[in-house]
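Please find below a colleague's note on the model, arranged as numbered points. The sequence and structure are shown first, and the comments follow.

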Amino acid sequence: MWPSKLGDIMKKIIAFPCAGGSSDMYKDWKIKKEIIRVDYKGHWHRMDETMSNSNEELYNDVLELIMSRVSKEDELIIFGHSMGGIVGWHVANKLQKLQYKVSRVCISSCLPPHLFPGARVAEIKNDIELV
């Protein structure tokens, strides 16, 4: 499986689930490095919290969660599935603006970033490698 091969080169993986999913979808990944599994407010392991009212609120909530678990010296790999790909892409851009080391963004079962609602490739000014 590809996660175990990538595990040898990664420091920390931040994994975003699909819209109706849970971070548990990543619990069985056999990777040698740390996986930070994200859950969204009002879903699964964070069911007791009020859901985000906007995408921006969701991105900022996840950003705070991640920043509490990583340092600016950590190499970060973002993985998002479906809606998690969209959330991961936006959060990766925010992390880079804050000088965090995002080395890759991996998106599955999702439109490419230039087709995300409101996204314009010409305005994306960063060096994330999209895998």
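1. Helix α3 is followed by Gln99, whose phi is positive, near 75°. Helices here are DSSP runs of H or I with at least four residues, strands are runs of E with at least two, and both are numbered from the N terminus. Gln99 is not a glycine, and its place is the loop between α3 and β4 (101–108). Most residues other than glycine have a negative phi. With a relative accessibility of 58%, Gln99 counts as exposed, where exposed means over 50% relative accessible area, buried under 20% and partly exposed in between (1.4 Å probe, protein chains only).

2. On the basis of the values: this is a predicted model, in which local features need pLDDT of at least 70 and side-chain atom pairs count only at pLDDT 80 or more, while totals for chains, interfaces and linings use all residues. Residues are numbered from 1 along each chain as its sequence is written, and side-chain values use heavy atoms, with hydrogens and water left out.

3. A positive phi also occurs at Ser109, a residue other than glycine, with a value near 50°. Ser109 lies in the loop between β4 and β5 (129–130). Its relative accessibility is 57%, so Ser109 counts as exposed.

4. Helix α3 has 15 residues, which at 1.5 Å a residue should span 21 Å; the end C-alpha atoms are 22 Å apart, in agreement. The expected span is 1.5 Å times one less than the number of residues. Among the buried residues of α3 are Gly84, Gly85, Val87, Gly88, Trp89 and Val91.

5. How do α2 and α3 pack, in angle and in distance between axes? Helix α2 (residues 55–67) and helix α3 (residues 83–97) meet at an angle of about 65°, and their axes are 9 Å apart. The axes are lines fitted to C-alpha atoms over the stretch in contact, with angles running from 0 to 180 degrees between N-to-C directions. The crossing is right-handed, that is, the near helix is turned clockwise from the far one by less than a right angle.

6. The contact between these helices (heavy atoms within 4.5 Å) involves, among others, Leu58, Tyr59, Val62, Leu63 and Ile66 of α2 and Ile86, Val87, His90, Val91 and Leu95 of α3. By class, the contact has eleven nonpolar, two polar and two charged residues. Nonpolar covers Ala, Val, Leu, Ile, Met, Phe, Trp, Tyr, Cys and Pro; charged covers Asp, Glu, Lys and Arg; the others, Gly among them, are polar.

7. Tyr26 is in the loop between β1 (12–16) and β2 (34–37) and is buried, with a relative accessible area of 3%. Residues that Tyr26 touches, leaving aside those up to four places away in sequence, include Ala15, Pro17, Ile35, Arg37 and Phe79.

8. The structure holds three aromatic pairs. Rings of Phe, Tyr and Trp (its six-membered ring) pair if their centres lie within 6.5 Å; planes under 30 degrees apart are stacked, over 60 edge-to-face and the rest tilted. Tyr26 and Trp29 form an edge-to-face pair, 5.1 Å centre to centre with 70° between the planes. For Tyr26 and Phe79 the centres are 5.7 Å apart and the planes at 90°, so this pair is also edge-to-face. Phe79 belongs to strand β3 (residues 75–81), 53 residues from Tyr26. Ring pairs link Tyr26, Trp29 and Phe79 into a cluster.
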